Amino acid sequence: MRLHYLWIASAAALATAGARADSFPVVETTIDKIHAAYEAGKATPEDVVQAYLDRINKFDRTPSPQPINGGKVNQPLNAYMLVNKHALRDASKLDPTARGPLFGIPIILKDNIATLHMTTTAGSVALGGSEPDRDATIAGKLRAAGAIILGKGTLTEFANFIAFGMPTGFSSQLRFQLFQLGGDLAKVGYGFNSYDPRIDPRTTAPVNDGRPVLATGGSSSGPGIAVGDNLATVGVGTETSGSILSPSGQNMIVGIKPTLGLVSRSGIVPITAGQDTAGPMARTVTDAAKLLGVLAGFDPNDSATQPCLTPGKCLSDYTPFLDSNALAGAHIAVPKNPYWTSFGLGANRTALMNAAIAKMTALGATFEDCDLPDQDALSAFNSCLSTDDTAAREAAGPNGTAPCTSVLGFGFKRDLNSYLANPNFGPGVSASSATIPVRTINTLHDVVQFNADHPEVALKYGQAIALGSDAYNSPSIDQADYDADRARDLFLTRTCGLDPLYTGVVPQICHDQGVVPATLPSCVTHPHDAVLFPANFGANPPARAGYPSIIVPAGRFPNLAKASIDAADPTFSPKRSPFGVTFSGPAFSEPKLIGFAYAYEQASHCRITPDQNDSLNTVSCP
């Protein structure tokens, strides 16, 4: 079976590579350190790649079927869906006289980014045999900059847009691959967070299904795991709403969700063109900034990048904004409703937020509690996800009162079908085995049908969201509904939501349409440089607005389920969870946000490598 062969071939490449595996220390290394080693003649790209391959073989792979020892011990991390069996060859072919900004830097790409000579599965067994005929635009830019693609990272299936209740880091394709290697079909399919890479010991549903005791975050879980545990120097994830911020926070790394249009999406398996983007994931703000400069820029194959033709919008170098004094004089809004309140931040994470604010206040920033003016109206306009939601949205029509927004649901069907119809990337090809014949996948409906025909592998958590998306079957009104909903999204998240915090002006139309209270607090009458959110709790408004965000490590806190885990197994001792703070700003404010993030990072130094003895019941940085 093709995918089985690829998995085994990758493992064989790791086991038979050369003898210099320990010649370069990859743990917590950076782009600058690797380049310095090259310049000094202390390492070659092959040395660095080999050192990473050796570490992947140690922590991400196992010759034994999973789960190991019934899940009672540390599990393989499963950060990689596929390791590039030609990584050493690719390293050896780099031209040392044409060194780009990422020369010889090993990188992991989320497995929804089309990559030549490697499968691109989006975590779906329905696409498990898909090999695109060309790179996604950003994959090509990375190669041109000298990067070495180590492999494809696991992810929450279809970027967490297929089923309700699916844990982050789970996918049917990873499940299928591990099952083909002898794994327990009832328990495998998950990536594991290196800060506690064990299976949840509780025996009651739904947490007794083999999931990790510490969430990986998602949907860009594989790049988050790999970068967090030094299985790659940097990574590229994608985000529709929270999918870079979430795994970056959970794996104690830096993640940048760029402005919509800063980075090309051509060749990326989509959810919706209205919100999708790709972005850097790194252990330091410096490396994230370096990677962003390579990813950013105009692409004629993605009309959203048109603003990059305007000078100053999209930069090729963000490192000049790495300023340890950037927070001096900054004025930052802190929306607490609902992000600190009804979202359940809790005492421990509240303490970490307050500590971060205190640290930045000492650096010269001022903070002001200030909610989005139209937060109640925004919270009421949620995504249509189920088939009932789809029916209700179609019944309302573009001129009626929409019960929910179709931007994600309709966008997924429209844009996935378009991706699969592009001869450079599609059609899709399913995984196959002795009992599962290979199938060509041309549409979302084909995905749904393949899954329904093979539920034992494909549907551990069902596919209710995919069914809801596939139910958009009224072309005469669905696009018009989408356009109306997208306009409403922008009105609520930009015009009457985030923009007033950045400009200090609430437009009269927000009052006229009744989406803001008659009396507003004084905080919305003066501008703020940024908004500060806990973890990925505030991912939704900037994602819908197309605005940028950057998350930075801010400490650790006890596992949220510690009490019930201790009750189930008093000897288990769950380890602490990483936590991050997120800066968000208006469109193309990445330079300012990078400066804020860097200043906080340099003053706090909250990142710490995974500590297998960390079972404290305290909050701390680091």
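Tutor: The radius of gyration is taken over C-alpha atoms, and the globule rule is 2.2 Å times the number of residues to the power 0.38. The model is predicted.

Student: What radius of gyration does the protein chain have, and what would a compact globule have?

Tutor: The chain has 622 residues, and for that number a compact globule would be near 25 Å. The C-alpha atoms fill a box of roughly 70 × 55 × 55 Å along the principal axes. The value for the protein chain agrees with the globule: 23 Å.

Student: How many helices and strands does the protein chain have?

Tutor: Of the 622 residues, 60% count as buried. Among contacts between residues at least 6 apart in sequence, 76% join residues at least 24 apart. The secondary structure of the protein chain comes to 22 helices and 13 strands.

Student: Which residues of helix H2 are buried?

Tutor: Helix H2 spans residues 31-39. Buried here means under 20% relative accessible area.

Student: What covers the buried residues of H2, and which residue with a positive phi follows the helix?

Tutor: The cover includes helix H3 (45-59) and helix H10 (285-295), along with strands E2 (106-110) and E4 (234-239). After H2 comes a residue with a positive phi, near 75°: Gly41.

Student: How many of the residues of helix H8 are buried?

Tutor: H8 covers residues 221-228 and is mostly covered. Among the elements over its buried residues are strands E1 (80-83), E2, E3 (148-153), E4 and E6 (277-282), as well as helix H9 (245-250). The buried residues include Ser221, Pro223, Ile225 and Val227. The count for H8 is eight of eight.

Student: Which residue with a positive phi follows H8?

Tutor: H8 ends at residue 228. The residue in question has a phi near 60°, and its name is Asn230.

Student: Which residues are closest to the centre of the second largest pocket?

Tutor: The second largest pocket holds about 480 Å³ of space. Its lining has 19 residues, which divide into six nonpolar, eight polar and five charged. The closest to the centre are Arg265, Ser266, Gly267, Asn301 and Ser418.

Definitions and conventions:
Residues are numbered from 1 along each chain as its sequence is written. This is a predicted model: local features need pLDDT of at least 70, side-chain atom pairs count only at pLDDT 80 or more; totals for chains, interfaces and linings use all residues. Side-chain values use heavy atoms; hydrogens and water are left out. Buried means under 20% relative accessible area, exposed over 50%, partly exposed in between (1.4 Å probe, protein chains only). Helices (H or I, at least four residues) and strands (E, at least two) are DSSP runs, numbered from the N terminus. Contact means heavy atoms within 4.5 Å. On a 1 Å grid over the protein atoms alone, a cavity is a set of points where a 1.4 Å probe fits but cannot get out, and a pocket is an open set with protein on both sides within 12 Å along at least five of seven lines; lining residues have an atom within 4 Å of a point. Grid points are joined across faces, edges and corners, and a volume is the space filled by probe spheres set on the points. Ala, Val, Leu, Ile, Met, Phe, Trp, Tyr, Cys and Pro count as nonpolar, Asp, Glu, Lys and Arg as charged, and the others, Gly among them, as polar.
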